[in-house]
Amino acid sequence: MPLATTRRAGLVDQVIDQLREAVTAGEWPIGHRIPTEPELSAQLGVGRNTVREAVRALAHTGILEVRQGDGTYVRATSEVSGAIRRLCGTELREVLHVRRLLEVEGARLAATARTEEDLAELRVLLNRRDTDWDEGRLDDFARSDAEFHQVVVRCGHNGLLLELYRGLMEAITASVASTSDNPEHAEMIRHRELVEAIEARDAGRAADEAAGFLDELIARAEDL
């Protein structure tokens with residue numbers, strides 16, 4: 001996605017929006033070094049001071065990281081995810097506690113609001129997740145497991161809850177990767193009972209299933 005030349009009014013805000021869009025659209029993935037200040041200035045048709053101010057603003061939110069003498073790198077895909085990385089870093093326990101708050105209610109809502117199309121998508125993602133695990137593709141497993149949980153939340157059809165969850169996807173995916181290094185533990189968590197509870201529209205059981213595996217992960221994290 002090429003960057004567009006900005007208009008005169010609100011130049012800094014426009015540059016911020018375009019840089020953010022390049023990140024969220026995947027043009028600049030996490031860990032990617034973005035173009036230099038002179039390159040961005042030429043692409044956007046604005047002064048270097050405007051670019052510098054926009055980059056500084058996005059670095060403050062945690063989306064970008066300025067490394068003196070090296071360049072500017074993508075650190076997160078959203079302000080929320082950037083804030084999580086700043087506040088808790090590698091504190092797995094804190095991420096898991098936030099996941100529990102969102103996913104338990106997400107599962108409860110999913111059981112009451114899901115559609116047949118939602119169920120079909122959940123089954124596809126559950127099978128993909130399990131296949132990634134069974135075939136030893138741990139990086140793919142971390143992504144597919146996080147995507148599965150996001151779709152559970154989406155099945156509840158609460159837009160605000162889903163946006164909150166989406167904003168944490170990097171931290172959630174990292175938490176999955178961090179807790180899937182124990183084969184016996186990961187083998188216990190298959191999530192089929194969670195899908196069955198959602199299919200049966202049993203909100204209480206769905207919430208219990210979501211809470212149960214997260215409580216196990218939290219207890220394990222507290223022992224680290």
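Threonine 50 touches Leu11, Val12 and Val15, leaving out residues up to four places away in sequence. This picture comes from a predicted model. Where does threonine 50 lie? Its place is in helix 3, which covers residues 48-61. Is threonine 50 buried or exposed? Its relative accessible area is 15%. Buried means under 20%, so threonine 50 is buried.

Now move along the chain to alanine 211. This residue sits in helix 12, residues 203-222. Alanine 211 has a relative accessibility of 9%. The cut-off for buried is again under 20%, so alanine 211 counts as buried too. Which residues does alanine 211 contact, apart from neighbours within four places in sequence? They are Arg100 and Val104. Take arginine 100. Along the chain, 111 residues separate it from alanine 211.

Next, look at a pair of helices. Two packed helices are described by the angle between their axes and the distance between the axes. Helix 5 spans residues 92-113, and helix 7 spans residues 138-154. Their axes come within 7 Å. They cross at roughly 55°. An angle of 65 to 115 degrees would count as roughly perpendicular, and one under 35 degrees as roughly parallel. Helix 5 and helix 7 are therefore oblique to each other. The crossing of helix 5 past helix 7 is left-handed.

Which residues make this contact? Helix 5 supplies Arg99, Glu103, Gly106, Ala107 and Ala110. Helix 7 supplies His149, Val152 and Val153. Sorted by type, the residues of this contact are four nonpolar, two polar and two charged.

How values were computed. Residues are numbered from 1 along each chain as its sequence is written. This is a predicted model: local features need pLDDT of at least 70, side-chain atom pairs count only at pLDDT 80 or more; totals for chains, interfaces and linings use all residues. Side-chain values use heavy atoms; hydrogens and water are left out. Helices (H or I, at least four residues) and strands (E, at least two) are DSSP runs, numbered from the N terminus. Buried means under 20% relative accessible area, exposed over 50%, partly exposed in between (1.4 Å probe, protein chains only). Contact means heavy atoms within 4.5 Å. Axes are lines fitted to C-alpha atoms, for helices over the stretch in contact, and angles run from 0 to 180 degrees between N-to-C directions. Angles under 35 degrees count as roughly parallel, over 145 as roughly antiparallel, 65 to 115 as roughly perpendicular and the rest as oblique. A crossing is left-handed if the near helix is turned anticlockwise from the far one by less than a right angle, and right-handed if clockwise. Ala, Val, Leu, Ile, Met, Phe, Trp, Tyr, Cys and Pro count as nonpolar, Asp, Glu, Lys and Arg as charged, and the others, Gly among them, as polar.
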